[in-house]
Structure formats: structure tokens, C-alpha cells
Amino acid sequence: MSDRPLRLRFAPSPTGRLHVGGARTALFNWAYARRHGGTFVLRIEDTDAERSTPEHERAILEGLRWLGLEWDEGPDTGGPYAPYRQSERIERHRELARALLAAGHAYRCFCTPERLDVLRAEQASRGEKPAYDRRCAELPRDEVERRLAGGERAVLRFRVPPGETRFVDHVRGEVVFQNAEVDDWVMLRADESPTYNFVVVCDDVDMRISHVFRGEEHLVNTPKQVLLYRAFERPIPEFGHLPLMLGADGKKLSKRTGDTALEDYREKGYPREAILNFLCLQGWALDGSTEVFSTDDLVANFDIADVTKGGAIFDLDKFRWLAGEYIRADSLERVAERCAPFVVAAGLMDEAELRERWNWFLEVVRGEKERIRTYAELPERIAYLFAGDEEVPYHPEAEERVRRQGTAAPLLREYAGWLRGELAAGATPAALAEGTRAWVKERGLKSPELFQPLRLALTGQSGGPDLFETIALLGAERALRRIEGGAGRLA
């Protein structure tokens, strides 16, 4: 690590929702900065005016804050190198472009799009890599000025020097590019709008960025950017290119193999802590065996050199397992609070009713806490509690299994008579469980002969929370109506 002040940045483009790969990039930069006492900068790269929107920017900022990734400098917090939106720095970009032009590191190019299309087609027909042929690289200065004065449009190209470009990548080791393979790329378009590879270096230079950790897809841009740093005669940051996030099919993560936006997983009720933990595992590991760990553990142990080169498989099954682990380990009260919005959104209860019956709702959550993997799973699992007692939907397979017994209806009628007396006497769920087992034994039955039709009548399902806790949640009258109604439906 160099002795420069340690400054890292996350620079998303507000052209869409925050990708989970972007969230991981932010997390690794944030963790490295926090571990080493550095500064974490948020910069919005919004020079794509057609697709960038304030709504997307707000969603990105809100998503990062929801994850707990607070920044030290940024568009809403300010800082010593403001502004932190690229669109507000355009004049500075043009100023730096003019400086490179004056120093001979750039040149005006008058080639039309039509000529470039023909050039690329000819190169392709010869099996050559498409590249600009530097036709305008050595135009005399007076010709350039005359053509500009005559109204011709020109882009500004970077003049790639001969030789090779080397840099050390914290993830990939030493990387070498032959400069002959790097095109004389466009810095400023004909309308003087700057391009990505130019502005990103301008802003990193001005903001004194010391480390650039980003996705592997940016590796091809790095030689262009390293050459720019050298042209500016400024220190080159330390690079680290993170592996791609891959779907289960081994290809780049896409909608076909998993949701790609952070917001998708938040809306599906994944615990924030599980999302952070899972993102950590996309290319990094705490040790050889520990899979469940906190962001404090990440900060205390994260080293960019430990990030793997190979693609990280975005294993949804593992993600769901991890989410369930966090829910099981959490407090009942907090799980209930986080489930509550999903219950309200499903229309099972409104906010006022939920708060009025909060103690009851806690018991509902207690019965499902060990089973759900996301907060959004709860409404479907408890919907039976809110169904009309005469209209509880029966799961088809569970109903078919019960009907095959052939004894469900008379058993439920007899059991309902016994249960009514026990409930009237104030029996607890534990007492009911013990009494029911004795009731079954006295009749020479096997437990499933009663319990399967009883669960079907009460919940419509084949499995779920403790039956006698369920009776308590429904209340005596509702439970009896369901059991007696079930006897009629299964007759």
C-alpha cells in the first residue's frame, strides 16, 4: 500500500436500478476504506443525459444507505472535491482536454462516421481488429484551425504512445497491454461532450482517488486510463478488478438465472444482513469454512488481495438458506417488525389492526420464524388464519391423502366434541397436546389418522406450526367451526 491518503470511490451511473454487482463493488470499496481508516467517496456518473434520471440516483443512494454503506463525501453530503456529479464537472473535463491537446497528447479528428464505418468494414473483411487508422493524427495545426473555422466538426482523440502499458492489479497480479492494441480513442465527441474513459480519470485525479476497485468488465479500459494518468503526470491509483458474478449456468448473471437488482431482493424480503453477507461471498471468503458472518467481520478481515480471480456463482439456493439463517438467529420482535409491511401489503391486516393485535401477531411469527427464509414468505404461510372458517382453501394433495384414510369425518366430529370441553375448561396448548395424544391412544389410532385431517381442517395445509398453538391463535370458536366444518367437507 502506498503512503498516499487512502481514498476509494464507488461511481454508479443512474441509468437504472442498482445492480447486485454494483452493490458488491460498493461494499468491497467501503470495507477496505473502513478497515484502513480511509475515505469512501460516492460519485454519480451521470454524463449519459438521455438515460440518467434523478429517480434512479435517489434509488441508488437510498439502496446504499439501506445496506448501511454510508459515504464520507458525495453528491448529497458534499466534500472538499465537490461537485460529485459528473454532469456538474463538464467544464473541468473540457479544460483538462484542452491541456492534453496543447501538450500533444491529443489531436483533432475530422473523420466522419461514414468514413469510419467503411474503415471498420474493410478491416473486418481482412480479419483485422477494428481500429482507427490515425489519418488525422499528424494534420498541420493551420489546417486544423482552418477546418474548424470553416465549421467542420471534429472529435478529440487521445494519442496512444508506442510501447506497452503495465500495472499491478491486486486481484490479477501484473497485467501487460501492448499499446499497439489500444486504439486512439475519443476523449471528446464532436459536440464536446466527454466520454467515460476520459471523465473517469479526470474525476479520479481531481478527487485524489488512490485505489480503484471495480468489476472485471472494466479491465479492458484500464490501459487507456493508465496512459491518461501518465499524460496528466499524476500518480496512478492501485487497481483491483473484481470477478464477474455468474448465474448457476456459469454465464454472466442475468434475469434468466436470477434477479440482478438489489431492489429485487429487498422487495422479496431478504434480510439486509443476509444480502451483505451473501455479497461478501461473491469472490471473497472470511476463511475456509465460515459462511455466516457480519459486516464487522468483513471490515476487520477484508483484503482485496484475497478476492478470487474466477467468476463468483450467484447461488440462489445458498442465498435463500443464508437468509433463513439470519431470520432464525434474529429476535422475534425484529423479525415481526420486518415481516409486518409484507403482511399489510398482502391485505391480510391493515397497519392499525396489526398494531392493535401486536401480541397475537408475535405469536403468529413465532410459529413460522424457524420456517421462513424471507420476510415476504410469511403472508402466504399465514393466510389460512385470515380465511373464512367455512372457506379455508385445502391443499389438493393434502386433501387427497386425508380422503384416502376414509375415517376423517367421524374422527373430526368425535374429536371436536372432546375438544370443546377442554377449551371451555381453559386448557393450554401444552395440555391439549398431551390430552390429544391420550385421546388417540385410547382409541387405538396412529397419530397421523387424527393429526393429518385435523391440520387440513384447521389450516388447509399438510404441514406448519404446532397444531395446538394454531388452535390458540385461531381461538376456541373459530377452531371448532373449522374442525366441524372439515368433518362435513370430508364426509
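Student: In which loop does Lys369 lie?

Tutor: Helices are DSSP runs of H or I with at least four residues, numbered from the N terminus. Here, Lys369 lies in the loop between helix H14 (358–368) and helix H15 (378–382). This is a predicted model, where local features need pLDDT of at least 70 and side-chain atom pairs count only at pLDDT 80 or more, while totals for chains, interfaces and linings use all residues. Residues are numbered from 1 along each chain as its sequence is written, and side-chain values use heavy atoms, leaving out hydrogens and water.

Student: Is Lys369 buried or exposed?

Tutor: Buried means under 20% relative accessible area, exposed over 50%, and partly exposed in between, with a 1.4 Å probe and protein chains only. Lys369 is buried yet has no salt bridge. A salt bridge needs a side-chain nitrogen of Lys or Arg within 4 Å of a carboxyl oxygen of Asp or Glu. For Lys369, the nearest side chain of opposite charge is Glu370, 4.3 Å away; Lys and Arg count as positive, Asp and Glu as negative, and His and the chain ends are not counted.

Student: Which backbone oxygen does the side chain of Lys369 reach at 2.8 Å?

Tutor: That of Arg328. The backbone oxygen of Ile327 also lies 3.4 Å from a polar atom of the Lys369 side chain.

Student: How many aromatic pairs are there?

Tutor: A pair of aromatic rings is described by the distance of the centres and the angle of the planes. Rings of Phe, Tyr and Trp (its six-membered ring) pair if their centres lie within 6.5 Å; planes under 30 degrees apart count as stacked, over 60 as edge-to-face and the rest as tilted. By this rule the model has 20 aromatic pairs. One of them, Phe278 with Phe319, is stacked, at 4.2 Å centre to centre and 5° between the planes. Phe278 belongs to helix H9 (residues 272–280) and Phe319 to helix H11 (residues 316–329), so the pair ties together parts 41 residues apart in sequence. Both Phe278 and Phe319 are buried.

Student: What kind of pair do Phe451 and Phe468 form?

Tutor: An edge-to-face pair, 6.1 Å centre to centre with 75° between the planes. Phe451 lies in helix H19 (residues 447–459) and Phe468 in helix H20 (residues 467–474), so this pair ties together parts 17 residues apart in sequence. Phe451 is partly exposed, with a relative accessible area of 24%, whereas Phe468 is buried, at 4%.

Student: Which residues do ring pairs link into a cluster?

Tutor: Tyr265, Tyr270, Phe278, Phe314 and Phe319.

Methods. Helices (H or I, at least four residues) and strands (E, at least two) are DSSP runs, numbered from the N terminus. A polar contact is a pair of N or O atoms within 3.5 Å; within protein, one must be able to donate a hydrogen and the other to accept it, and residues adjacent in sequence count only if both atoms are side-chain atoms.
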